[in-house]
Amino acid sequence: MVPPPALVAVPMSRDNACRRVERFPLIAGMESQQVTTSMALATHFIRRELRNRYLGSLSGGLWALLQPLAQLAIYGFVWAYVFKMRLPGGDASPAAVVPFLALGVWPWNAFAESISRSATVIQENAGLIGKVALPRSVLVIATTSSSFLLHGVGFCAILTVLSLLGMPIALIKLPLALLAFAMLYVLALGFAFLFAAVQVFVRDLSQVLAQIMPLWMFVSPVLYSREFLPQAYRGWLDFNPFTFYPEFFRALLLGLGTVEPFVIFRTLMIAVAACALGYAVFQRLDSRFEDFL
Amino acid sequence: MNAVAGDNLLVEARDLGKSYPKVFRPRDRLRALGKLLLGRNDIDSVAVLRDVNLSVRRGESLGLIGENGAGKSTLLKLLTGVLTPTSGSVAVRGRVGALLELGAGFNPEYSGRENIAMSAALYGLNGDEMRNKLPEIIAFADIGRYIDEPVKHYSSGMVVRLGFAIVAALKPDLLITDEVLAVGDESFQKKCIRWMEEFLDAGGTLILVSHSMYHIQKLCRQALWLREGAVAAAGDVFEVTQAYLAYHERKLAGAVQPISLAAAQGLEFHLLGFAVNGIAQEMPVFVDAGSSLRLRVRVHSRDGRVPVIGIGIARADGTPLYGLTTEIDGVQPREDGEKAYVAEIEFQNLALLPGAYTLKAHAADTEGVRLFDTLERGAVVRGKTREFGLIRLQHLWRDVESLPVPIRSSASER
């Protein structure tokens, strides 16, 4: 049995207003058994989320596989045969469009889905938060993690399948791609923390996000690449924190274009900064959630 | 010495206060968000709990009583860490098992079994520990096949059974429960009470909210009475529950001060304090018949004018016995601080016979015409006399002889 943890400790601050010392601090001054608790909790929530979304639904685990495949098939058909897109500088066959799209669609799905699901997670768990003292950040982490786990597995699976079908995918570099996937996870976590906290106060946020996320996809090189844009607009893509990921995956796995090491470093810094900022906002608002839920 | 005391103090709250923000429109929420992000805490809010001090040591049992809306649940939520205090501090040590508002945060969509797993994860149990405890929990809850059905199909009694079973299996150092006993059926109530008694005998610590004075008196040795978010009385369970019950009797008799504290503070005159024999707490004061009764009243005068202070003594059912004012006796309260006046009256050789009485203090304007504020205290007069009625009247027997042997039985009245 776990020895009794110090559950609540609230020192008095100067202005007599009280701030909670995070009972399960995730970064600083963390005690090992609190980590264990938080980890156990996160694992529980992730498992529940995964089971809920797929095993609980009618078609079961099959849906997890079929849904992105269907999405890719539709995009591939529309882009290759309706819009007659051909890859610049590479293989000019219609089939080559499929791995190109897959490398944009999977990361985007993981990113967009984790953000929009996390945005409402605090609000949806109001009942739990109002009755049990739990580290609320775990809810956000679990939601984001389950989206990335699911789409990460799908990402690996589709690339393996496409490679087996004879597509020119450098499967040997997949571990490197997964490192970039982890960077994307860190970036997504930052947005997830930020939106989850703000949603408690501004209830319209989730509706606004539902409008913004598709727009965001179309200003990112998910279904196209930089070369498709007029020269004058290509530079604008660098202001989009998501741009790096499809470009990196395509350069790494398909050999389309190049990515400077400096850009990789900059992207890493952006992801870490976004995560830290999102978490800071979340922490600042955390103690007031229950007043506004 | 100090370390030992520190180890045994499981709960300590100092000047604990909680305010809820006043947010009605989306714009208020946005403004609150902005202020919080800037690190400002001056959000327009309503206080629901003020200056609560309490400490609970290992092995103690504390009952929380009070009317609906008095702040009991808010206090429990502060103690469990679900809510963050607005002012003051709270420290809780040890493993805490809490059942707040029945249900311990169950997800209605999931089965009982899945909710057990979630609660276990929330309490930091790993998979093995959880699996070991599962049969025990299911046996204690005793809800049959419902354990595999979604919690939304449960009756409220079943939810409580499951919640209590989980908390019981966790073997907490401190158990905090909110009205669990009110919902369960007779046999489950008995089971819970038996469990809690065993828990207390084994050195467990309990904080219990209940509207049943029977349960409070049965399980708790200490009690704390919350009224309008502040501590009205705290101490021995029997004294506090009696004070609380007496308050309700007076309230039913329509005699309890009709004005709330907040409203009274805006009045021209309001009472700052009413001490009976030096005790300012809202507890029934025990007085021996024939001893002296001192009532000290402090009044705040908004405009600095001298108030008239009135004193009344009534039976517990409201029948007035005696009343007078400073103006009737031709005296006036003495100034005691800025815009505050005080007067003390002493009833020597108290003529009240043993029983329960209500003492009243009134604040009236300088002319003694308009009554502004009233405070009441319960008083219990103790004595062993067998006289009848309410008041001993001055008397003398004539043409009598003393009895040869006093036939006093050992009357033991409270």
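At what angle do helix H5 (residues 127-141) of chain B and helix H6 (residues 156-170) of chain B pack, and how far apart are their axes? The points below begin with that pair, and it should be kept in mind throughout that this is a predicted model.

1. In chain B, helix H5 (residues 127-141) and helix H6 (residues 156-170) pack at an angle of about 140°, and their axes lie 8 Å apart. Because angles over 145 degrees are needed to count as roughly antiparallel, H5(B) is described as oblique to H6(B). The crossing of these two helices is right-handed.

2. On the H5(B) side of this contact are B:Lys133, B:Glu136, B:Ile137, B:Phe140 and B:Ala141, which meet B:Arg161, B:Leu162, B:Phe164, B:Ala165, B:Ile166 and B:Ala169 in H6(B). By class, the contact of H5(B) with H6(B) holds 8 nonpolar and 3 charged residues, with no polar ones.

3. In chain A, helix H3 (residues 97-119) packs with helix H8 (residues 205-218) at an angle of about 165°, with 11 Å between their axes, which makes H3(A) roughly antiparallel to H8(A). Their crossing is right-handed. H3(A) contributes A:Trp108, A:Phe111, A:Ala112, A:Ile115 and A:Ala119 to the contact, while H8(A) contributes A:Leu209, A:Met213, A:Trp216 and A:Met217; these residues divide into 9 nonpolar, no polar and no charged.

4. A further pair in chain A consists of helix H7 (residues 174-201) and H10(A), which pack at an angle of about 175° with their axes 10 Å apart, and H7(A) and H10(A) are therefore roughly antiparallel to each other. From H7(A) the contact takes residues including A:Leu174, A:Phe181, A:Met183 and A:Leu187, and from H10(A) it takes A:Phe244, A:Tyr245, A:Phe248, A:Phe249, A:Leu252 and A:Leu253. The residues of this contact comprise 14 nonpolar, no polar and no charged.

5. The second largest pocket holds about 530 Å³ of space. Helix H10 (244-254) and helix H11 (261-286) of chain A are the elements that give two or more residues to its lining, so H10(A) takes part both in this lining and in the contact with H7(A) described above.

6. Of the 29 residues that line the second largest pocket, A:Arg226, A:Thr243, A:Glu247, A:Thr258 and A:Val259 lie nearest its centre. By class, the lining has 15 nonpolar, 8 polar and 6 charged residues.

Definitions and conventions: Residues numbered from 1 in each chain as written. Chains lettered and ligands numbered in written order. Predicted model: local features only at pLDDT ≥ 70, side-chain atom pairs only at ≥ 80, totals over all residues. Heavy atoms only, no water. 1 Å grid on protein atoms, 1.4 Å probe; cavity = no way out; pocket = protein on both sides within 12 Å on 5 of 7 lines; lining within 4 Å. Points joined across faces, edges and corners; volume = space filled by probe spheres on them. Helix = DSSP H or I, 4+ residues; strand = E, 2+ residues; numbered from the N terminus. Nonpolar A, V, L, I, M, F, W, Y, C, P; charged D, E, K, R; others polar. Axes fitted to C-alpha atoms, helices over the stretch in contact; angles between N-to-C directions. Parallel < 35°, antiparallel > 145°, perpendicular 65-115°, else oblique. Left-handed = near helix turned anticlockwise from the far one by under 90°. Contact = heavy atoms within 4.5 Å.
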